[in-house]
Amino acid sequence: MNIDTIELSNTQFEGKNNAYLLQGNEIALIDTGVSTSRSEEALRTSLADHGLSVADLDHILLTHHHEDHIGLAGSFQRESGATVHAHSADAPLIERESEAVDRFNEQQRTFFDRSGMPAGARQELLEFLTQLTDLRGDPADLISHDDGDIIPIGDQQLTVFQTPGHTLGHIGYVLEDENEKELFAGDSLLPRYTPNVGGADVRVSNPLELYLATLRRIRDADFDRAYPGHRHIITDPKARAQEIINHHRERSERIIEVLTDSAPADAWTVSAELFGDLSGVHILHGPGEAHAHLHHLTQNGILTEEDGTYIIESNTEYQLNELF
Ligand SMILES: [Zn+2]
Ligand SMILES: [Zn+2]
């Protein structure tokens, strides 16, 4: 199968989005970028460069529910009749089932309260999040999957590879032949940034634990290559997964230092110490990331939590290495 990267502009999230075009005797697109005319034009132009149009798409595979990955799926599906695929845990949000969206918004409000987010920041964040709705485009009609499902692409196939943490239903897709094993990784493995955990999907109750398990799974799967949702192709996924695990261990060490100096502290306060002033989506991602760590450390007996504030458990001997 021939694989091409399509770079799409996007100024709101982790940097330019990648969509991947897979051509065998059927045509598949992995992720679609945001629903803006600029992004749509770039995708159409890129398809045309390959002698294709949107109508030629047979399958659209989505890695997770974020707008920068799903935006054009609904309208492209209408135009092409393509099947659209996602994980069962993210599908209700991509299809915009009202019950799932309401519950998500409610969980987000609960998170704002518990993290100690000040009213001004919360207002700014809500205004930002409202603007994002347009980027989601029309909802697609999905085929939902679980780990290990096989998706035939003509005479070849992709295997669903569950990678939760960044979102609850995040998945990658594995393409494997006798020579190579490759992962379309979405935002589960990025070459430059560490994907946000904690703020990017407030439905996940143990985001860091789940994400660390995902990183170990990627590390141990011996992929030859990973195609991320943003930026350049990762040529050593094993090393990159380990690097992100190490990064999270260092971040937890830093959080313990912050709490040594200024406990009790809530997620907002810890986030401010780590990341300083935040704007846009980072108002959510900063305290979300702090919360993910605080929760992980609490679950492992290193911290104690009361009403959203944390202190270091006294007299605890701990080995952070064992948690990461
Ligand atoms: Zn994402
Ligand atoms: Zn993304």
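Analyst: The axes of helix α7 (residues 207-220) and helix α8 (residues 237-262) come within 8 Å and cross at roughly 155 degrees. Here axes are lines fitted to C-alpha atoms, for helices over the stretch in contact, and angles run from 0 to 180 degrees between N-to-C directions. Because of this angle, α7 is roughly antiparallel to α8 (a term for angles over 145 degrees). The model is predicted: local features need pLDDT of at least 70 and side-chain atom pairs count only at pLDDT 80 or more, while totals for chains, interfaces and linings use all residues. Residues are numbered from 1 along each chain as its sequence is written. Helices (H or I, at least four residues) and strands (E, at least two) are DSSP runs, numbered from the N terminus.

The crossing of α7 with α8 is left-handed, meaning that the near helix is turned anticlockwise from the far one by less than a right angle. On the α7 side, Leu208, Leu212, Leu215, Ile218 and Arg219 take part, and they meet Pro237, Lys238, Ala241, Gln242, Ile244, Ile245 and His248 of α8; contact requires C-beta atoms, placed from the backbone, within 7 Å. Eight of these contact residues are nonpolar, two polar and two charged (Ala, Val, Leu, Ile, Met, Phe, Trp, Tyr, Cys and Pro count as nonpolar, Asp, Glu, Lys and Arg as charged, and the others, Gly among them, as polar).

As for the sheet, five strands form an open arrangement in the order β7-β8-β9-β10-β11, with mixed pairing; pairing requires at least two DSSP bridges between two strands. Its edge strands, β7 (150-153) and β11 (225-228), each pair on one side only. Strand β10 (residues 181-186) is joined to β11 in the parallel sense over four bridges, and Glu182 stands opposite Arg225 in β11.

Key:
Chains lettered and ligands numbered in written order. Parallel < 35°, antiparallel > 145°, perpendicular 65-115°, else oblique. Contact = placed C-beta atoms within 7 Å.
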